[in-house]
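Morning, everyone. Please bring the structure up on your screens, and we'll go through it together.

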Amino acid sequence: MSIVITTSNVNGLRAANRKGIMHWAGEHTPDVWCMQEVRAPQSEIDPIFNKIADTYVDSGKVADPTGLHTMNEICRIKGRAGVGLLSTLPVVAERYGLPGLEEDVDSGRWIEADVRTPEGYEITVVCVYVHSGDVDDPNKMHQKFRFLDTMLTRMGQLRDEAAHGGRQAVLCGDFNIAHTPLDIKNAKSNVTHSGFLPEERAYIDKWLGEYEFVDVMRELAGDIQGPYTWWSQRGRAFDNNTGWRLDYQFATPELAQTARGFTIDKAPTYDARWSDHAPLSITYDV
């Protein structure tokens with residue numbers, strides 16, 4: 001069976017709803033959809049998720065709205081972060097928050113769902129939103145590195161479980177790091193900027209090396225420039241494709257080997273965008 005897992009930073013779910021996310025949802029209906037920067041209270045998330053469920057029904061993806069399982073965690077700081085996950089696959093367990101972090105600024109950034117395919121294959125899907133950081137604000141960089149350090153413990157547990165016959169895992173999200181010069185249009189001018197600092201990029205080196213995760217999109221695309229998933233709202237970055245690859249799916253090896261293709265749904269024009277990020281979808285034959 002093939003399943004499609006999508007990750008997308010929605011840059012505010014309410015704004016995305018106004019700008020056309022429902023049309024995208026009805027056309028694509030991924031089996032698992034991870035969202036970051038939801039930035040909305042529960043009272044406004046629920047009706048939008050219900051509308052998405054209706055598009056899944058209209059498309060024939062699910063028989064009725066209850067066929068789309070939804071979960072989310074709101075950041076305890078109003079208007080910040082927030083992550084959500086929608087699944088047409090049964091969710092057999094849910095976990096909220098990154099163990100080891102209790103500060104409000106770290107909430108709304110990490111949720112896990114154990115999903116089960118019709119064949120009984122179970123996958124832990126993690127929806128992640130890493131702090132963006134700011135080199136001009138040492139506190140924000142401290143928050144980012146603290147989050148990245150804490151991630152290592154959980155990633156090691158997921159790696160070990162997958163390596164010993166347990167659930168495979170995939171981390172999906174906006175990690176706010178461009179890994180190599182292939183992942184950013186203007187590498188030289190950004191080496192002193194958050195998101196492309198050598199010490200940030202070293203974390204991805206560690207995930208792919210010591211922690212044995214696979215950057216699935218890069219594995220499929222090969223060593224080509226881009227493709228990017230985020231473009232600044234400033235100037236003509238989108239029109240000139242002056243982008244960054246900030247959105248990833250990092251999978252354990254067995255799951256990564258089943259990946260068959262990916263798409264990055266960059267909008268055809270600046271005005272047609274419903275976010276400053278484009279959704280990254282990967283098809284897995286599990």
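**Rings, charges and cysteines**

Let's start with the rings. Search the whole structure, and you find eleven aromatic pairs. Keep in mind that this is a predicted model.

Take F145 and Y203 as one of the pairs. Their ring centres are 6.1 Å apart. Their planes meet at 25°. Stacked means under 30 degrees, so this pair is stacked. Now, where do the two residues lie? F145 is in helix α4, residues 138-163. Y203 is in helix α5, residues 198-208. The pair therefore ties together parts that are 58 residues apart in sequence. And is Y203 buried or exposed? Its relative accessibility is 13%, so Y203 counts as buried.

Next pair: Y248 and F250. These rings are stacked too, with 4.9 Å from centre to centre. The angle between their planes is 15°. Y248 has a relative accessible area of 0%, so it is buried. F250 is buried as well, again at 0%.

Which residues make up the cluster? Ring pairs link F175, W207, Y248 and F250.

On to charges over rings. Please find R159, which is in helix α4. Its charged end sits over the ring of Y211, 4.9 Å from the ring centre. What else does R159 do? Its side chain makes a polar contact of 3.0 Å with the side chain of D160. Now leave out residues up to four places away in sequence. R159 then touches E210, Y211, E212, F213 and T252.

The charged end of K266 sits over the ring of F238. Here the distance to the ring centre is 4.5 Å.

Look at C75. C75 is buried, with a relative accessible area of 6%.

Then turn to C127 itself. For C127, the nearest cysteine sulfur is that of C34, 4.4 Å away. Why is that no disulfide? A disulfide needs the two sulfur atoms within 2.5 Å, and C127 is in none. C127 counts as buried, because its relative accessibility is 0%.

Technical notes: Residues are numbered from 1 along each chain as its sequence is written. This is a predicted model: local features need pLDDT of at least 70, side-chain atom pairs count only at pLDDT 80 or more; totals for chains, interfaces and linings use all residues. Side-chain values use heavy atoms; hydrogens and water are left out. Rings of Phe, Tyr and Trp (its six-membered ring) pair if their centres lie within 6.5 Å; planes under 30 degrees apart count as stacked, over 60 as edge-to-face and the rest as tilted. Helices (H or I, at least four residues) and strands (E, at least two) are DSSP runs, numbered from the N terminus. Buried means under 20% relative accessible area, exposed over 50%, partly exposed in between (1.4 Å probe, protein chains only). A charge sits over a ring if NZ of Lys or CZ of Arg is within 6 Å of the ring centre and within 35 degrees of the ring normal. A polar contact is a pair of N or O atoms within 3.5 Å; within protein, one must be able to donate a hydrogen and the other to accept it, and residues adjacent in sequence count only if both atoms are side-chain atoms. Contact means heavy atoms within 4.5 Å.
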